[in-house]
Amino acid sequence: MTSPRRASIVHDIVEDLPAVFRADRAGDLDAVVHWKVTGRPDGGTDTLELVITRGTLTASLEPTRAARLTLTLGPVDFLRMVTGNANPKILFLRGRMKARGDLGLTTRFPSLFDTPRP
């Protein structure tokens, strides 16, 4: 995640998120969630914006809305989490993922996606 391919990897993940989103589990949830993935080669952070409204998900690499929940984690933990190789609750409990905002949404958020299981 420090190579020049990082941008395309993150872009592909954003493009694929709607395909693994479980609208049936979202119900009437209306929320904006930002994932901040640290450790970019230039020292910056990639911010992914997920907008959940009326059972639909829109994902973008260009945040335009205020987040109800912001999750911050390193690039390797991010990849492990979105591929089903790390449990987001464990990452949070071990301090590897930070949450700011609606902490109640933090516990519900992982269930909104079907991720591969190792």
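Modeller: The buried residues of helix 1 pack against strand 1 (31–37), strand 2 (46–53), strand 3 (56–60) and helix 3. Keep in mind that this is a predicted model.

Colleague: Which residues of helix 1 are buried?

Modeller: Arg6, Val10, Ile13, Val14 and Leu17.

Colleague: How do you know that the span of helix 1 agrees with its 15 residues?

Modeller: The expected span is 1.5 Å times one less than the number of residues. For the 15 residues of helix 1 that gives 21 Å. The end C-alpha atoms are 21 Å apart, so the two values agree.

Colleague: What makes Asp114 and Arg22 a salt bridge?

Modeller: The cut-off is 4 Å, from a side-chain nitrogen of Lys or Arg to a carboxyl oxygen of Asp or Glu. Asp114 and Arg22 meet at 3.1 Å, N to O, so the pair counts. Asp114 lies in the segment after helix 5 (103–108), and Arg22 in the loop between helix 1 (6–20) and helix 2 (23–26), so the bridge ties together parts that are 92 residues apart in sequence.

Colleague: Why is Asp114 called partly exposed?

Modeller: Buried means under 20% relative accessible area, and exposed means over 50%. Asp114 has 36%, which falls in between, so Asp114 is partly exposed. Arg22, at 23%, is partly exposed too.

Colleague: Which other salt bridge does Asp114 form?

Modeller: One with Arg25, at 3.5 Å, N to O. That is within 4 Å, so it qualifies. This pair links Asp114 in the segment after helix 5 to Arg25 in helix 2, 89 residues apart. Arg25 is partly exposed, at 35% relative accessibility.

Colleague: How many salt bridges does the structure hold?

Modeller: The structure holds 9. Some are joined up: Arg6, Arg40, Asp42 and Asp46 are linked in a network of salt bridges.

Colleague: What makes Trp35 and Phe109 an aromatic pair that is edge-to-face?

Modeller: The structure holds 4 aromatic pairs. Trp35 and Phe109 form one of them, at 5.7 Å centre to centre with 85° between the planes. Trp35 sits in strand 1 and Phe109 in the segment after helix 5, 74 residues apart. Trp35 is buried at 4% relative accessibility, and Phe109 is buried at 3%.

Colleague: Why is the pair of Phe109 and Phe113 edge-to-face?

Modeller: The ring centres of Phe109 and Phe113 are 5.3 Å apart and the planes stand at 65°, so the pair is edge-to-face. Phe113 is buried, with a relative accessible area of 6%. Ring pairs link Phe21, Trp35, Phe78, Phe109 and Phe113 into a cluster.

Colleague: Which residues form the nonpolar patch on the surface?

Modeller: Ile90, Phe92, Leu93 and Leu103, with about 380 Å² of accessible area together. Helix 4 gives the most, with 3 residues. Leu103 lies in helix 5.

Notes
Residues are numbered from 1 along each chain as its sequence is written. This is a predicted model: local features need pLDDT of at least 70, side-chain atom pairs count only at pLDDT 80 or more; totals for chains, interfaces and linings use all residues. Side-chain values use heavy atoms; hydrogens and water are left out. Helices (H or I, at least four residues) and strands (E, at least two) are DSSP runs, numbered from the N terminus. Buried means under 20% relative accessible area, exposed over 50%, partly exposed in between (1.4 Å probe, protein chains only). Patches are made of residues with over 30% relative accessible area and no salt bridge: like charges are joined within 9 Å, nonpolar side chains (Val, Leu, Ile, Met, Phe, Trp, Tyr) within 5 Å. Accessible areas come from the Shrake-Rupley method with a 1.4 Å probe; for residues, only the protein chains shown count as cover. Contact means heavy atoms within 4.5 Å. Rings of Phe, Tyr and Trp (its six-membered ring) pair if their centres lie within 6.5 Å; planes under 30 degrees apart count as stacked, over 60 as edge-to-face and the rest as tilted.
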